[in-house]
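Work through the exercises below with the coordinates open in a viewer, and try each task before reading its solution.

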Amino acid sequence: MKWMIASDIHGSEYYCRKLLEAYEREQADRLLLLGDILYHGPRNDLPKGYQPKKVIELLNRYKQDILCVRGNCDTEVDQMVLEFPILADYCYLNLPGDPEEKNSDITIFATHGHVFHPHNLPMLKDGDILLNGHTHIPACEEILDMNGGKYQYLNPGSVSIPKEGSEHSYMIYENGVFTWKNLAGEEYQTWKTVSHS
């Protein structure tokens with residue numbers, strides 16, 4: 001299965017359209033959105049093409065393909081207009097790892113990042129992945145907890161309001177490899193999962 005992972009659309013019809021064009025181009029099976037879909041938030045400038053109603057229309061066309069977690073800018077009112085669930089604070093994804101390696105399946109804790117993040121870890125097992133957006137900055141970092149557990153922290157960056165000079169981006173997960181790409185589909189980083197054993 002091929003997953004596209006994206007975060008922080010913030011109501012931009014312009015960048016949402018580019019994301020969905022990339023989704024079609026990638027021929028991904030599912031689209032995982034890590035929150036902050038419609039509202040730009042009080043700390044952000046309006047993104048290019050800010051038209052939340054158009055974003056609603058665009059995403060609802062893909063409702064069968066989308067899994068989503070709630071961002072700090074997402075509300076019950078947003079759920080009234082979006083035709084796929086958006087109000088879960090997190091989800092666990094169990095993805096197959098390398099078919100050549102035993103015990104290489106991958107457990108991902110996917111969340112927005114305003115509650116759980118590298119400085120406030122959820123319950124993870126050694127080797128799990130923490131996946132979140134929120135910062136608008138792509139990330140691929142190994143993190144250690146106080147008990148010596150080792151995790152990987154991944155962030156796709158932001159679709160519409162990238163920060164710290166990063167690109168408008170998304171991630172692809174396929175066959176044990178995470179790939180960061182800009183909205184034109186140009187790859188700029190990869191990370192291969194390792195066996196949990």
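The exercises that follow concern a predicted model, and each task is followed by a worked solution.

**Exercise 1. The first helix**

Task: Determine what span the 14 residues of helix 1 should have at 1.5 Å a residue, and compare it with the distance between the end C-alpha atoms.

Solution. Begin with the expected span, which is 1.5 Å times one less than the number of residues; for the 14 residues of helix 1, residues 13–26, this gives 20 Å. Next, take the end C-alpha atoms of helix 1, which are 20 Å apart, so the two values agree. Turning to the side that faces inward, one finds Glu13, Tyr15, Cys16, Leu19, Leu20, Ala22, Tyr23 and Glu26 buried in helix 1. These buried residues pack against strand 1 (3–6), strand 2 (30–33), helix 2 (52–60), strand 9 (169–174) and strand 10 (177–182). Finally, the residue that follows helix 1 is glutamine 27, and its phi is positive, near 55°.

**Exercise 2. An asparagine in a loop**

Task: Decide whether asparagine 44 is buried or exposed, and find which polar partners its side chain has.

Solution. Asparagine 44 belongs to the loop between strand 2 and helix 2. Its relative accessible area is 12%, and because buried means under 20%, asparagine 44 is buried. A polar atom of its side chain lies 2.8 Å from the backbone oxygen of histidine 40, and the side chain of asparagine 44 also makes a polar contact, at 3.2 Å, with the side chain of lysine 163. If neighbours within four places in sequence are left aside, the contacts of asparagine 44 are His10, His136, Ile161 and Lys163.

**Exercise 3. A serine in strand 9**

Task: Find which backbone oxygen lies 2.6 Å from a polar atom of the side chain of serine 169, and describe the surroundings of this residue.

Solution. Serine 169 lies in strand 9, and at 0% relative accessibility it counts as buried. The backbone oxygen in question is that of proline 156. Not counting residues up to four places away in sequence, serine 169 touches Pro138, Pro156, Gly157, Ser158, Val159, Lys181, Asn182, Leu183 and Tyr188.

**Exercise 4. The surface and a residue in between**

Task: Identify which residues form a nonpolar patch on the surface, and classify glutamine 189 by its relative accessibility.

Solution. The nonpolar patch consists of Val77, Met80 and Val81, which together have about 320 Å² of accessible area. Of these, valine 77 is placed in helix 3, residues 76–81, and at 55% relative accessibility it counts as exposed. Glutamine 189, by contrast, is found in strand 11, residues 187–192, and its 27% relative accessibility makes it partly exposed. Leaving out residues up to four places away in sequence, glutamine 189 touches Cys140, Phe178, Thr179 and Trp180.

Definitions and conventions:
Residues numbered from 1 in each chain as written. Predicted model: local features only at pLDDT ≥ 70, side-chain atom pairs only at ≥ 80, totals over all residues. Heavy atoms only, no water. Patch = residues over 30% accessible without salt bridge, like charges linked within 9 Å, V, L, I, M, F, W, Y side chains within 5 Å. Areas by Shrake-Rupley, 256 points an atom, 1.4 Å probe, with all protein chains shown as cover. Salt bridge = Lys/Arg side-chain N within 4 Å of Asp/Glu carboxyl O. Helix = DSSP H or I, 4+ residues; strand = E, 2+ residues; numbered from the N terminus. Buried < 20%, exposed > 50% of the residue type's maximum accessible area, 1.4 Å probe, protein only. Contact = heavy atoms within 4.5 Å. Polar contact = N/O pair within 3.5 Å; in protein donor to acceptor, adjacent residues only side chain to side chain.
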